[in-house]
Amino acid sequence: MQGQPQLGDTSPEVFRKQLHQLADWIADFREGLGELRVAPDDKPGAIRRALPAQPPENSEPFDKILADIDRLIVPGMVHWSHPMFLGYFGWTQTGPGILGEIATAPLNVNAMTWRTSPAATELETLVVDWLRQWIGLPEEFGGVVYDTASVGIMHALAVAREEAAPSTRTLGLTARNLPRFRVYTSDQAHSSVEKAAIALGLGEENIQRVPTDAEFRMDVAALRAMIERDLAEKYQPLAAVATVGTTSTASVDPVPKIAEVCREHKMWLHVDAAYGGGFAILPEYKWITQGWGEADSVVINPHKTLFVPLDFSVLFVRNLERLRSVFTLVPEYLRGDTVEAEKNYMDYGIQLGRRFRALKAWVIWRSFGRAGMADRLRDQMRLVNLLVDWIKADKRFELAAPVVMPVVCFRLVASDESSRRSKTKADVNSEIVARINASGQAYLTQTKLRGRTVMRIGLGNVLTTEDHVRRAWELIQKMASEL
Ligand SMILES: Cc1ncc(COP(=O)(O)O)c(C=O)c1O
């Protein structure tokens, strides 16, 4: 009735129609994705200016909202799922991944305790254990799903801190004569180590960056020397963070040797396998898991390499009770919800409310199986090796780091000379990346290695084929010729 406020939800008939409409929209989007620009060339603020600033007072039809998504949102996106998106670690959106996300939406549960969400809790325990089996971690490791690896390392170091300085949980940091802790990680490790130190009050400058060898792996002799120096200055070594698949080059630290140092000095060993960990499902990559069994914690992001849509990161801790004992805290209003013997995942971190993330992992992992994921990862390696051959065959370019996983860092050899000649004075490698990204035809990233800017391609997208990689390489060659 005109003028009457509408209460309740969309009627079942209309909702069904809208869902079909959305299903078509999603299928069309996936099918036509390769034809879109990978990235917009808008200036910051352009998208907001095109959107109405006033909040909606009255109901708007779904048709109009969907049309605006098409008109205003889709063209303003960097399309991470585009087959020519070759930045960061590629991206792993898939049909089954989307189905898993969609199936999660209507359930909309809060997986904080077993009683508030029995199936969500038990499925989380199950899929986390599937992952443990796939990567070959001993059974004494238990895991918990967080949104990101940054949150994972923060929780891991909180446990390390509690074990080294008991009662920090209760008494806090102030007015106590606590040791000055140090955490060691390589100069290639991710900045989430510093972020964790900031959050935990360990202090950013107490994250000590250990130099790496020629292949960007932690230099363990340097680690030992830094620890000795710190001990002499009355610091207390708290933890070492070893990386398996570093952010720039996907290098793998010598975890067994780092584990030895940790054992000697009674330090916590955290393995940051956020990116590289997924490759452990391949027998030919089992070597990357050496030493993990001696770790205290291991983090893996299946949303990077194991096809689960963002966000899905798993922190494994040797004896998960160590994590629970630091974070369990049952408010009175949840006391009745926590009597069962089953896990209450709110006890394993600072979050109370938790999404049902396990469902999307269960859908995608059953849809592909380990073998299906392994085939896709191997295909990424095939494509990356082709690219490596092409780079080697063009004498204007050189590889800037060994290729361990489907990540390639390379540079224009003539770039120093070209940079000198360039009017903008920007590094030629940066300029190639910027021009390609601005063209909307492909998307790459850049990084700095030993002070030099290099181009970087990371594969991970199931839609990326040999043809796409070839087109990207030809674009790079063309840009290099033009500069
Ligand atoms: C090696 C490594 N560790 C940790 C992270 C942080 O991951 P997240 O975005 O899940 O916090 C990244 C991100 O790329 C990474 O490459």
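I started at β8 and strand β9 (residues 407–412): they run antiparallel, joined by three bridges. I counted strands as paired if DSSP finds at least two bridges between them; helices (H or I, at least four residues) and strands (E, at least two) are DSSP runs, numbered from the N terminus. Phe397 has Leu412 in β9 as its bridge partner.

This is a predicted model, where local features need pLDDT of at least 70, side-chain atom pairs count only at pLDDT 80 or more, and totals for chains, interfaces and linings use all residues. Residues are numbered from 1 along each chain as its sequence is written, and side-chain values use heavy atoms, with hydrogens and water left out.

Next, the whole sheet: it is open, with four strands in the order β8-β9-β11-β10 and antiparallel pairing. β8 (397–399) and β10 (445–449) are at the edges with a single partner strand each, so one side of each has no neighbour in the sheet.

Then I checked the helices. α13 (residues 358–393) lies across β8, β9 and β11 (452–458), at about 15 degrees to β9. α16 (residues 466–482) also lies across β8, β9 and β11, at about 130 degrees to β8. Contact is heavy atoms within 4.5 Å; axes are lines fitted to C-alpha atoms, for helices over the stretch in contact, with angles from 0 to 180 degrees between N-to-C directions.

Last stop, β4 (residues 235–243). Eight of its nine residues are buried (under 20% relative accessible area, 1.4 Å probe, protein chains only). β4 pairs in the parallel sense with β2 (residues 180–186) over six bridges.

Technical notes
Buried means under 20% relative accessible area, exposed over 50%, partly exposed in between (1.4 Å probe, protein chains only).
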